[in-house]
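Q: I have the sequence and the model open and want to go through them piece by piece. Can you start with the strands?

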Amino acid sequence: MSETKMWGKEEFWGLGFEWDPQWLLSAEQKDLQAKLIALCETTLRANAVESDANYIYPRKNFEALATLGLLSLNVPKELGGLGQNHVCAAMVVETIARYGCPSTAMCYTMHLGAVAAALLRHHDNPLLTDILKRLDKDVLIGTLSYSDPETGSHFWYPISSKAEAHGDGWKVTKKASWTTSGGFAHWYIVQTTSPGFSGDYSDLSCFLVTKDEVKANPSEWDGLGLRGNQSGPIVVENAVLPKEALVGPIGDGAKSNDEVVDPFFLTCSSACWNGISLAVIDIAKRHTTRKTHNDVGMRVADYPTIQDYVGEAIMDTNSCRAFDYQMAQALDSVTNNCDWSIHKDIDALPRSSLLHWLWQVKFEAAKNVAHVVDKMLHATGGTGFRPALQIERYLRDGKAGWVMGPTNEVLRQFVGKAALLGFGSLDYWNKSINERVLNNEIKKMDEAEKRAFAEKLLAELQPAKVA
């Protein structure tokens, strides 16, 4: 690579472009990347320290990102956006996390997911279109609220939420256990059971809710890492919303989730974890090449053990980056380079077919960052424990990857179960009867237990029979 990576007026002290997949980026995207690295150097990285120390939401960083048009990164140019693709989205999130602020990168990931959900169904919706046109001008931060206090990381199962028709619009209740930017975002895409819900939790709908309808206690946020993202409970209680607040048709929630919410979240959150891995490698390079052990006349970087640590970390991280960018390219390929006009056809859902690949991307990136931050702490020795070096902050931020829903436990079971038993076996909404288990348990019963079980089932049917 001929380009020199700059940090202010000097050459960057971490890994150079020779370790980055620059060939994936267009000239326009490389220019945007350079401007963003410069913005990280002047603004975002210093604010990251402040956010971490004082649990401050990174609004100042969003204001800075808006100056580059990044709040409307994937918004079509005809709506005033940059009209960029999935590869660019991954690059931007990775860059923010690596050179700037991981909390900002995660909040920005949720913003991009909300923008994608709005873009999917904005075509005949003036309310969504108006917001999309004003994202950078008015610094309108969006986020997603899909979690539920009763189902944890099984966020596709909103037991505590509901919506109903109300006059010409809707009345919506949403309780969420984890909402990034909760209380700080200006607009929210929330998922609830659909109006007319009859017990089928696959019948989901999405609604646009504004900040004034959201109750949150952001001052209570207390996290190990990602302290600026203010991810906590929110409540939307019987909010009366206009007709246009419905995002897509009734019952579109599952399609929206599989087509844009999960693809953007998994691609970009993985880029965040990869960015954190790269950030600690950068710090380790700077520290180990400058720190000398005078007793033996060697720099820390001269020890083969340290070289092994860094080499493995680079190779593992670049494997995760390659996987993430490959899938971003695949998303670009099936969407005509992130062309939102294809979704004028409400049944056009090309990204959904790639979802099981994106599960794997997130798992690998989250697993890798947990390993890399530990090893780079080891490489920097006792100095790494000091906040001044910043590795300990990135270490705490990176630990969020594994547990952020879908957790790595959920994802590896999804992949293993789907591979062995077929995708139908995943049974997201707990609707399929496992007859093998049921019959096996019944075999264990004696005659009296079977009779009691049968009587219990008949008693449960009795009210319906009387009716």
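Q: What is the bridge partner of A163 in β5?
A: A163 has V172 as its bridge partner in β5. Strand β4 and strand β5 (residues 169–179) pair in the antiparallel sense over five bridges. Strands here are DSSP runs of E, at least two residues long, and helices are runs of H or I of at least four, both numbered from the N terminus. Two strands count as paired if DSSP finds at least two bridges between them.

Q: Before I go on, what is this model and how are residues numbered?
A: This is a predicted model, in which local features need pLDDT of at least 70 and side-chain atom pairs count only at pLDDT 80 or more, while totals for chains, interfaces and linings use all residues. Residues are numbered from 1 along each chain as its sequence is written, and side-chain values use heavy atoms, with hydrogens and water left out.

Q: Which sheet do they belong to, and in what order?
A: They are part of an open sheet of four strands, ordered β4-β5-β9-β8, with antiparallel pairing. β4 (162–166) and β8 (215–216) each have a single partner strand and stand at the edges, so one side of each has no neighbour in the sheet.

Q: How many bridges hold β8 to β9?
A: β8 and strand β9 (residues 232–241) pair over two bridges, in the antiparallel sense. A216 has I234 as its bridge partner in β9.

Q: What does L224 touch?
A: Not counting residues up to four places away in sequence, L224 touches R396 and K399. Contact means heavy atoms within 4.5 Å. L224 and R393 are 169 residues apart in sequence, yet their C-alpha atoms are 9.3 Å apart in space.

Q: R393 is in α9, then. Is that helix mostly covered or mostly open?
A: Helix α9 (residues 391–398) is mostly covered, with eight of its eight residues buried. R393 is one of them, and the charged residues E392, R396 and D397 are also among those buried.

Q: What covers them?
A: The cover includes α1 (27–54), α3 (86–100), α4 (102–120), α6, α8 (355–380) and α10 (400–403).

Q: What about α6, where is N257?
A: N257 lies in helix α6 (residues 253–290). N257 counts as buried, at 7% relative accessibility. Leaving out residues up to four places away in sequence, N257 touches Y146, F155, Q191, D262 and P263.

Q: New topic: H343. Buried or exposed?
A: H343 counts as buried, at 2% relative accessibility. H343 lies in the loop between α7 (304–334) and α8. Beyond residues up to four places away in sequence, H343 touches L120, R121, H123, E259, A348, P350 and R351.

Q: And F62, what is in contact with it?
A: Leaving aside neighbours within four places in sequence, F62 is in contact with Y57, L71, T104, C107, Y108, H111, V139 and I141. F62 sits in helix α2 (residues 59–66) and is buried, with a relative accessible area of 0%. F62 and L44 are 18 residues apart in sequence and 9.1 Å apart in space, C-alpha to C-alpha.

Q: Last one, the whole chain. How many helices and strands?
A: The protein chain has 13 helices and eleven strands. Of its 467 residues, 54% count as buried. Among contacts between residues at least 6 apart in sequence, 74% join residues at least 24 apart.

Methods: Buried means under 20% relative accessible area, exposed over 50%, partly exposed in between (1.4 Å probe, protein chains only).
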